[in-house]
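Visitor: Please walk me through this model. Keep it brisk.

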Amino acid sequence: MDRASLLKAVSGLPTEDDDSWTVPEAVLAAVSNSNILHMLGQFVDIVQKVGVSNFLVVAIDQRTADFLKGKNCAHYVRKLRTRTGSTDNHATSGLKFKILVDFLSVGTSVLLSDGDVIWLQVAFPSLHGSLV
């Protein structure tokens, strides 16, 4: 998959040509399943209030994707299962690296965030030199 195709697969993400992107070749991403929808909702609300336009959540199940659509949050559906089929947070965390490859392999820098992080401001301007 090329970069344009991957970014088009992200539902609700502004195009890179949109002036709202803080750093054109980078995204703030979180990975989640439906086990933590309440916490994910709070996380999304905070990131949206801060104003990170190039933010998305990688939903690893359809229930999470539907939840994100209802919150008007950009998301990418990447249905993955652990080898054991477990959906606990530790097992799900191990899937992040498979997902990162999707973005990194097409030249998109990723600032990966956990859902229990509180964003107080857009971090990209401070990190820009490290991202490109």
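Guide: Terms come first. Buried means under 20% relative accessible area, exposed over 50%, and partly exposed in between (1.4 Å probe, protein chains only). The model is predicted: local features need pLDDT of at least 70, side-chain atom pairs count only at pLDDT 80 or more, and totals for chains, interfaces and linings use all residues. Residues are numbered from 1 along each chain as its sequence is written, and side-chain values use heavy atoms, with hydrogens and water left out.

Visitor: Which residues point one way from β1, and which the other way?

Guide: Begin with the cover on the strand: 7 of the 7 residues of β1 are buried. Ala26, Leu28, Ala30 and Ser32 point one way, and all are buried. The other way, also buried, point Val27, Ala29 and Val31.

Visitor: What share of the protein's residues count as buried?

Guide: The protein has 132 residues. The share that counts as buried is 45%.

Visitor: Why is β2 described as largely enclosed?

Guide: Strand β2 covers residues 55-59. Leu56 and Val58 are buried on one side, and Phe55, Val57 and Ala59 are buried on the other. β2 is largely enclosed by the rest of the structure because its buried residues number 5 of 5.

Visitor: Over how many bridges do β1 and β2 pair?

Guide: Two strands pair if DSSP finds at least two bridges between them. Leu28 stands opposite Phe55 in β2, and Ala30 stands opposite Val57. β1 and β2 run in the parallel sense, and the number of bridges is 5.

Visitor: Which residue of β4 is the bridge partner of Leu28?

Guide: Strand β4 spans residues 109-112 and runs parallel to β1. The two are joined by 4 bridges. For Leu28, the partner in β4 is Leu111.

Visitor: Which residue of β3 stands opposite Val57?

Guide: Strand β3 holds residues 75-77 and pairs with β2 in the parallel sense over 3 bridges. Opposite Val57 is His75.

Visitor: Through which helix does the chain cross from β2 to β3?

Guide: A crossover is right-handed if, with the strands pointing away from the viewer, the path from the first strand over the helix to the second runs clockwise. β1, α2 and β2 make a right-handed β-α-β unit. The crossover from β2 to β3 is also right-handed. Its helix, residues 62-70, is α3.

Visitor: What arc do the buried residues of α5 cover?

Guide: Helix α5 runs over residues 96-104, and Lys96, Ile99, Leu100, Asp102 and Phe103 are buried there. They lie on the same side of α5, because their arc around the axis is only 145°.

Visitor: Is Asn72 buried or exposed?

Guide: Asn72 sits in the loop between α3 and β3. Its phi is near 55°, a positive value in a residue other than glycine. With a relative accessible area of 70%, Asn72 is exposed.

Visitor: How many Å separate the C-alpha atoms of Glu25 and Asn54?

Guide: Glu25 lies in the loop between α1 (3-9) and β1. Glu25 is partly exposed, at a relative accessible area of 35%. Along the chain, Glu25 and Asn54 are 29 residues apart. Their C-alpha atoms are separated by 9.4 Å.

Visitor: Which residues lie nearest the centre of the largest pocket?

Guide: On a 1 Å grid over the protein atoms alone, a pocket is an open set of points where a 1.4 Å probe fits, with protein on both sides within 12 Å along at least five of seven lines; lining residues have an atom within 4 Å of a point. This pocket holds about 260 Å³ of space. β1 (26-32), α2 (37-50) and α4 (89-93) each give two or more residues to its lining. Of the 15 lining residues, those nearest the centre are Val31, Ile36, Lys96, Asp114 and Gly115.

Definitions and conventions:
Grid points are joined across faces, edges and corners, and a volume is the space filled by probe spheres set on the points. The arc is that of the directions from the helix axis to the C-beta atoms.
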